[in-house]
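These are my notes from going through the chains and their contacts. I kept them in the order in which I looked things up.

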Amino acid sequence: MSTLAFLLNQSVNALSQAALLFFLGVGLTLIFGIMRIINFAHGALYMLGAFVGYSLVRWTGSFWVALAFAPVVVGLVGWAFELSILRRLYRRDAHAFLMVTFGLALVVTEAVRLIWGPDALQVPAPKLLSGVIFLLGEPFPVYRLFLAVSGIVVAFAIWQLLERTRLGLLIRATSQNAEMVHALGVDVGLVRSCVFGIGCGLAALGGVLAAPLVTASHSMAATVIIDAFVIVIIGGMGSFLGSLIGALLIAFVQVFGNYYLPDFALAFMYLVMLLVLVVRPGGLLGKEA
Amino acid sequence: MADAGARQADSAVERASAQPLIAVSGLTKRYGALIAVDNVDMQVSSGEIRAVIGPNGAGKTTLFHLITGVVKPTVGSVRFAGEDITGLPAHAICQRGLSRTFQLTSLFPEMTARENVRLAAQARNPRRWMPFGGDSVFADAQNAGDSALELLGLEHVAGRPAGLLSHGDQRLLEVAMAMAQDPKVLLLDEPTQGLSVEETAQAVDTLSRFLESSRVTALLVEHDMEVVFRLAHKITVLHRGAVIADGPPEAVKADAGVQQAYLGGID
Amino acid sequence: MRWSTVLGLAVLALLIAAPLGLPAFAMTLLTELVILGLFAMSLDLMVGYTRLISFGHVAAYGLGAYASGFMLLNSSMPLPFVVILAALMTGIVAIGVGWVCTLATGVSFSMLTLAFAQLLYAIAFKWTSVTGGSDGLAGIPRRAGPMGITLLTTKTGFYYFALACLVGSFLLCRKLVASPFGAVLRGIRENEAKTLALGYNTRLYKIAVVAIAYAFGGLAGALYAPFAGFANTELLFWLLSGQVLIMVIVGGSGTLIGPILGAAFFLLLEHQLSSYTEAWALFFGLVFIGFILFAPEGIWGLATGWFKRGDAAAKAKGSLHG
């Protein structure tokens, strides 16, 4: 394989990986921006998305249906959780939040194990997206290209949501000054529930899209939450653009790191996280002091 | 006022012979384009009570943070008892004998007042590291703590959780905690902040009595001018991070620049 | 508090007498409770006394288990020696872990502890020559004690050894939290900024408590390996970190006793409910969330609060004349 083709191949890999990481990270960072908490259950919800996607594909035979509805289902689960449980904790300290979302992660992980069994499950990619296309004489998996494109499309969509719509305005305003927004007569609680639901839905979207690639498995929850956290830390807690940059950075580091030093992938992530936390605790573009 | 005058005369003699206990030189702190503290020079002698005043945002608390190591200066130095302490971490500076209170009350709310001062005093006990002999460390620290409580007139609330004390008592408890450390210099950041008129009067009485009897060197950030004139030997006036006046209360009161920037304005 | 000392001694007496009356399967359960209780208590030092929330305490357990398992399989050192050594090794590794994790605070600290545990999990899978990979180490013997004391090879003997470790650790931890060092931990828990301003190098204290907590956690793991006869990657799976955190919170954090009760509660539920439903772990997670919302002081906290109110009421009655 020529160098150019190699680089292109790995870059497509990295972009597709970045897309998945972005779906994870953007939800987490939006939730942090509004609620000033890290949703520890994010990884578990990503995993839930993959498994729900699996079932939807089995029932309807259509990957596209799964892609459309799994995020909605999981988003509703998240919304219900915020409404019933997280709301009660706003006056408590940050540790209570952390532990409750951790509890949610455990409950979701156990629920998945109960409902779908302990084995990893194969989710087939739709015929349209399987196979390869040839660029520069080298084969590229269509699915990865699809992922990369989805990442761009969704990033654009979220950007437009934040900049152009009323909801987006409310989200941005609430993350800067919730009290002011409340004083202006807006139901801040509703905004929070929506953002939590959307964030969870985005995580699930990542899970469904990841499933054909990595299988729906139980270890997803813990590994993925660390990835998501690292992205949010690097890009900055609460920054949409930051989560995009973070996802790209981590994806490229992971893909190229995996190629050259495959056994050290996790250690590498750990090191990157450490470095960022030490050098810039607020992340590159973050809101945290 | 006669009190302050007599004290001033005494310490003037002291000051003439001793080197400054705290010597701040060219101290500057920049946050990007914002200059919080601008090239401040200041000397505080042993036994002196120096008030640092200025309008909101003048950089008084930042100056305290710079001296106590909470914030690192952009330029400049801080010398304490002849030693350069610039850039040392906060806990190391405290160990050298500078104890401070905070603008927003910072205590251990679930511990009793006695436990609060004990923990403060314990920090200066060289044997606090030892795995055994904890009881004697506690005893020594409690003694120092209880004396500090007495000094600040807080014996009657000694057994109460700090979070349940009145705001005025909490402010005094913070001062007691600082005093329990037997400091060479006491830094008080707005000790009468948030107190009612009555509480302020009581607090000032207590502070005045204890400052006089203990002869401790003190740096005081205050907004309330009556408090300042009652307690301070010398005043340093900050405006937009820079020193605009520095001297005994009468001189500062008369200074036209100060009047314009601060005393004559809305405060 | 005198009633609690009496209660404690009574419970201890029961625990010592247990092998005389209980059937074999109950003794196995009891031994597992002792080990798990030690594991949970060790986490309380971090979570309850210093408010350092760790999501990776399983790292201590796994390290201790693999260390003791490896040494028992590959050397002829007597069991008590191996167990203590494994615990010390875990504590020493934890100094490094603590040093790294305390570079951050709050959520970031918790994430770093999780990351380290995940790292260990990955290493356990890959380093097959030492850890046996996904199969783990099997056939770990319950070796005799020094001077050929064969007591420890029996189930009862081992139970007493584990119990001694638990009681010994409890007494040491209790001394620690009542010492000046413990007072500083409490300060860090309530107001770290102020503790720092008072002149304490809070980071060193945090590193120390992480090392100590991991050492005791490692002790528990080191006991588990010969107890179960194996050590594998299940001992490093993050769910176990979650379960031990639940034991601490549900049992009552910041009390040392509470987490042991939490471990008992957990084991009881596991053995009672698992015959009815596979969903006991899920139930446990829901109980956890419930406790955080409605009873953050945990079972032991509720019990002592109830007793204190009884005391206060009695005192109030008696002091009407005072």
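Which residue stands opposite Arg79(B) in β5(B)? I found Asp84(B) there.

Conventions, for the record. I worked on a predicted model, in which local features need pLDDT of at least 70 and side-chain atom pairs count only at pLDDT 80 or more, while totals for chains, interfaces and linings use all residues. Residues are numbered from 1 along each chain as its sequence is written, and chains are lettered from A and ligands numbered from 1 in the order in which they are written.

Entry on the antiparallel sheet. I looked up the strands around that pair; helices (H or I, at least four residues) and strands (E, at least two) are DSSP runs, numbered from the N terminus. β4 (residues 75–80) of chain B pairs with β5(B) in the antiparallel sense over 2 bridges; two strands count as paired if DSSP finds at least two bridges between them. Both belong to an open sheet of 4 strands in chain B, ordered β2-β1-β4-β5 with antiparallel pairing. β2 (34–44) and β5 (83–84) of chain B are at the edges with a single partner strand each, so one side of each has no neighbour in the sheet.

I then checked what lies on this sheet. Helix α2 (residues 60–68) of chain B lies across β1 (22–31), β2 and β4 of chain B, at about 65° to β2(B). Axes here are lines fitted to C-alpha atoms, for helices over the stretch in contact, and angles run from 0 to 180 degrees between N-to-C directions.

Entry on the mixed sheet. Chain B also has an open sheet of 6 strands, in the order β6-β7-β8-β3-β9-β10, with mixed pairing. Its edges are β6 (98–100) and β10 (242–247) of chain B, each with a single partner strand, so one side of each is left without a neighbour. The twist averages 20° from one strand to the next. I noted that β3 (residues 49–53) and β8 (residues 217–221) of chain B pair in the parallel sense over 4 bridges, and that Val52(B) stands opposite Val221(B) in β8(B).

Entry on the interfaces. I took residues as in contact if their C-beta atoms, placed from the backbone, lie within 7 Å. Of the 2 pairs of chains in contact, A and C share the most contacts. That contact takes 31 residues from chain C and 31 residues from chain A. α5(C) gives the most to the side of chain C that touches chain A, with 11 residues. Between chains C and B, 14 residues of chain C are in contact with 20 residues of chain B. I found no contact between chain A and chain B, whose closest C-alpha atoms lie 13 Å apart.
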